[in-house]
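Please look over the sequence and the model before reading on.

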Amino acid sequence: MDGTAKLELFASYMSLEPAEEHTPAPPAKTKGAAMLRESSAPYRVSSDATHPAIPASAYQRAACGSSPAELHHLVNQSQSAPDNTQLPAKARSLGVHHAAMPGGKRIALLKTLLTSACERNCYYCPFRAGRDFRRATFKPDEMARTFMQLHHANIVEGFFLSSGIAGGGIRTQDQLIDTAEILRRKMGYRGYLHLKIMPGAERAQVERMMQLADRVSINLEAPNSERLARLAPHKIFVEELLKPLQWVEEIRRTRSPHFGWGGKWPSSVTQLVVGGADESDLEIMSVSAELFKRTHLSRVYYSAFRPVTGTPLENRPGENPLREYRLYQSSFLLRDYGFDLEDLPFSTTGNLPLDTDPKIVWARANLIDAPVEINRADKLMLLRVPGIGPKGAEAILAARRQGKLCDLRALAAIGVITSRAAPFVLLDGRRPAWQLSLW
Ligand code: SF4
């Protein structure tokens, strides 16, 4: 089998992981998504009864409200997967995805594996040991050559390389490092490179990868050891998965970035499977908050569980894509908006509401009776207002230096989503005029 045929073989299994800096959006074409769009329309405050909610009947067929087949279709079609329709069909068949880079530039990213053979047997994974399907393996120089052929043909601009585990985590990690060495040192590749850290890798290997990559990652898969045991009983949560993320941060903190690729250390990310082990949103957000604080991850990715035939979890219902979306919203509140874990609106069962943006839930509970004065609030307080993001808060601070902001048009002109912000703000001491008619 030649390199392109192997890439095509892998590509059908590689669509689950999100692409780099992709910003998730509500899943499309679901009842819930239609309701989500409603909730972004001009805010209605008369009572909770007017706020869109997902009917209980939506959950009767499966925990997620859709049959597994519908879910599969929805997740593939939703905006939480990157829009790859602009890519040539050939590129898509090889596993090339559109991905947004830090800074917003979009590139064609090849996401693939060194081998689809694996000696572990994680319960959710299509590559698990013993599953009956055709497998293939690249040698490092073959993989590097195949990638560079695609790169020179302008089919791919960046590379995300992962692998099944064959011969132990250390050996597999060496193969990934060898591939990256060949690309960087022999073939002169200077473009974007995201490398996976293998469970069981050594610290020195992690450091070597950090000298070659723009981004490194290892997937925690679950929020703690107990949940992981239900998904991947042969992975060790702290020693194999958490520890490498801590090493990455230690190395970034203690060694000069001069040693990193291009004179800077790579960013780091992880991923959690959502809905595969009965974990709560509180468990997921607790570990996310710790990771942002202690290991300075750029992103925690959340992947709604989808059953894979021929695995022990094949009969488990897929998870609602809306849940994944609410987790992303919450993680951005923790990472970029100054929210603490305690600010997130968990129910008594430890889950977030599915039908409402968590920032709006917080604002309803805290800002309706104590609206934020746009002309005096500091940046952190501005960030608490729905419709105001980091850019909007900066724009408000800059605009205030020129004069008072007295109406919603002025706010809209600098990028604030006024339909969301209006119920929670004061403009020069007054509630926005248009809002009064809605009360
Ligand atoms: S170690 Fe990775 S590739 Fe292997 S079964 Fe587990 S998740 Fe799949």
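The points below move from the whole chain to its core, its strands and helices, the ligand and some individual residues.

The structure is a predicted model. The protein chain contains 17 helices and nine strands. Of its 439 residues, 44% are buried. Among contacts between residues at least 6 apart in sequence, 67% join residues at least 24 apart.

**The nonpolar core**

- The largest nonpolar core comprises 102 residues, and those with the most contacts inside it are Leu 110, Ala 180, Leu 195 and Met 209.
- At least three residues of this core come from domain 1 (3–16 + 61–317), and at least three come from domain 2 (367–436).
- When neighbours within four places in sequence are left aside, the contacts of Leu 110 include Leu 94, Gly 95, Val 96 and Phe 147. Leu 150, Val 156, Phe 159 and Phe 160 are also among the contacts of Leu 110.

**Strands 1 and 2**

- Strand 1 (residues 96–100) has four of its five residues buried, so this strand is largely enclosed by the rest of the structure.
- Strand 1 pairs with strand 2 (residues 106–113) in the antiparallel sense, over five bridges.
- Ala 100 has Arg 106, in strand 2, as its bridge partner.
- Five residues lie between the strands of this hairpin, where Gly 103 takes a positive phi near 105°.

**Strands 3 and 4**

- Strand 3 (residues 158–162) pairs with strand 4 in the parallel sense, over three bridges.
- Phe 160 has His 194, in strand 4, as its bridge partner.
- In a regular strand, side chains alternate between the two faces of the sheet.
- Strand 4 (residues 193–196) is covered on both faces: Leu 193 and Leu 195 are buried on one side, and His 194 and Lys 196 are buried on the other.

**Helices 6 and 12**

- Helix 12 (residues 358–366) has Pro 358, Lys 359, Ile 360 and Ala 363 as its buried residues. The buried residues of helix 12 pack against helix 11 (321–336).
- Lys 186 belongs to helix 6 (residues 169–186). Lys 186 counts as exposed because 12 other C-beta atoms lie within 10 Å.
- Lys 186 and Ala 144 are 42 residues apart in sequence, and their C-alpha atoms are 9.7 Å apart in space.

**The surroundings of the ligand**

- Which residues are around the ligand? They are Cys 118, Arg 120, Asn 121, Cys 122, Cys 125, Phe 127, Arg 128, Gly 164, Ile 165 and Ala 232.
- By class, this shell consists of six nonpolar, two polar and two charged residues.

**Two residues with positive phi**

- Most residues other than glycine have a negative phi.
- Glu 221, which is not a glycine, has a positive phi near 70°. Glu 221 sits in the loop between strand 5 (215–217) and helix 8 (225–231).
- Asp 278, also a residue other than glycine, has a positive phi near 60°. Asp 278 is located in the loop between strand 6 (267–274) and helix 10 (281–295).
- Is each of these residues buried or exposed? Glu 221 is buried because 23 other C-beta atoms lie within 10 Å, whereas Asp 278 is exposed because 9 other C-beta atoms lie within 10 Å.

Key
Residues numbered from 1 in each chain as written. Predicted model: local features only at pLDDT ≥ 70, side-chain atom pairs only at ≥ 80, totals over all residues. Buried ≥ 20, exposed ≤ 12 C-beta atoms within 10 Å, placed from the backbone. Near = placed C-beta within 6 Å. Nonpolar A, V, L, I, M, F, W, Y, C, P; charged D, E, K, R; others polar. Contact = placed C-beta atoms within 7 Å. Core = buried A, V, L, I, M, F, W, Y, C linked by C-beta atoms within 7 Å. Domains from an automatic or database assignment. Pairing = 2+ DSSP bridges.
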